[in-house]
Amino acid sequence: MNSGHFKVFRDIAQTHSVSRGAAMNGISQSAASQILKHLENDIGVVLLDRSMRPLKLTPAGRLYFDASRDIVRRYEVMRAEIDSLKGELVGSVRVASIYSIGLYEMRRIREDFEEEHPQARVHLEYMHPEKVYEAVSGDQADLGLISYPTATKKLKVIPWRIEKMVLVCHPRHRLARKRTVEVNDLADQEFVSFDPDLSIRKAMDRFFRERGLLRKVVLAFDNIQMIKEALVIGSGISLLPERTVRQEVTEGRLVAHRIEAPELVRPVGIVQRRRTTLSPTAAAFLQYLQERPGD
């Protein structure tokens, strides 16, 4: 048995899938199944209930998973620390990000980091906000990028940046032709907004409530890309982070106006597990992010 077997089992357990766990380790599904069977024969118990879809850990499997996760983490940190003695970063960092951060800039940040450190790899996955918290809490990700971040017993928040929110609308909307847009201009407008359970929607609802303004939400989505597509076809107006609409504004498909209201901002932070030591590669990537909060 070697550390690679523990990692294969950890990844199968976390993804609830033999095929996905195999893909994460660059091996065939058959090879992953053989490793799983070998581990079960070695310990003499069934670790995964294969009659369930998705796969479910047995009670013994849960104990084995917790131990495997700890073994893999300790081994990876040890290897990374040894490599760091050689003056180079080797290994990977797992990052979970909400779509509106990952899709617009994280690919460039990842490429720049990997160019500076050729033997380091950034594994980036886009997720719904709640899934970001779950991924970091469950040790499926080393770092999480989230808007309106909230600390928990398991997670701490590292402030990253504050993003200005702007009014966004179709070029033919009447507000697009105004030289300046005031907060009161937003009253009684038809809005394309976020789903009610998202933190950004709750923040916008609070903003309008405190200002005593009424608005009509005609459409709601769980991501910025869908909101922008609705705005492009003239479905209403919206308040979005300015950096997420730059391309559409440059192309002339949307218009963005700044509004003089200090409350119209989106805080973005990095979440990390408490009482967990990051590997040298993950720590270096965290520092890299902190030094590049964005323009």
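Reader: What kind of model is it, and how are the residues numbered?

Author: This is a predicted model, where local features need pLDDT of at least 70, side-chain atom pairs count only at pLDDT 80 or more, and totals for chains, interfaces and linings use all residues. Residues are numbered from 1 along each chain as its sequence is written, and side-chain values use heavy atoms, with hydrogens and water left out.

Reader: Which residues have the most contacts inside the largest nonpolar core?

Author: Met 106, Phe 113, Leu 145, Ile 270, Phe 285 and Leu 289, in a core of 34 residues. Elements that each supply at least two residues of this core include β3 (91–98), α5 (99–116) and β11 (265–273). Helix α10 gives the most, with six residues. Apart from this core lies another one, of 33 residues, among them Cys 169, Val 183, Ile 227 and Ile 237. A nonpolar core here is a set of buried Ala, Val, Leu, Ile, Met, Phe, Trp, Tyr and Cys residues joined through side-chain atoms within 4.5 Å.

Reader: What does Ile 270 touch?

Author: Not counting residues up to four places away in sequence, the list for Ile 270 includes Leu 143, Leu 145, Ile 158, Trp 160 and Leu 289. Contact means heavy atoms within 4.5 Å.

Reader: Switching to charges. How many salt bridges does the structure hold?

Author: It holds 25. Each is a side-chain nitrogen of Lys or Arg within 4 Å of a carboxyl oxygen of Asp or Glu. One of them joins the side chains of Arg 243 and Glu 105 (3.3 Å, N to O). Arg 243 lies in the loop between β9 and α9 (246–250) and Glu 105 in helix α5, so the pair ties together parts that are 138 residues apart in sequence.

Reader: Is that pair buried or exposed?

Author: Arg 243 is buried at 16% relative accessible area, and Glu 105 is buried too, at 7%.

Reader: Which salt bridge does Lys 7 make?

Author: Lys 7 pairs with Asp 11 (2.9 Å, N to O). The two are four residues apart in helix α1, which means about one helical turn separates them. Lys 7 counts as partly exposed at 23%, whereas Asp 11 is buried at 0%. The Lys 7 side chain also makes a polar contact with the side chain of Asn 25 (3.1 Å). A polar contact is a pair of N or O atoms within 3.5 Å; within protein, one must be able to donate a hydrogen and the other to accept it, and residues adjacent in sequence count only if both atoms are side-chain atoms.

Reader: What about Asp 70, which residue does it bridge to?

Author: Asp 70 bridges to Arg 74, with the closest N and O atoms 2.9 Å apart. Asp 70 is partly exposed at 29%, while Arg 74 is exposed at 59%.

Reader: Last one: where is Ser 238, and which backbone oxygen lies 2.7 Å from its side chain?

Author: Ser 238 sits in strand β9 (residues 237–241) and is buried, with a relative accessible area of 1%. The backbone oxygen of Val 192 lies 2.7 Å from a polar atom of the Ser 238 side chain.

Notes: Buried < 20%, exposed > 50% of the residue type's maximum accessible area, 1.4 Å probe, protein only.
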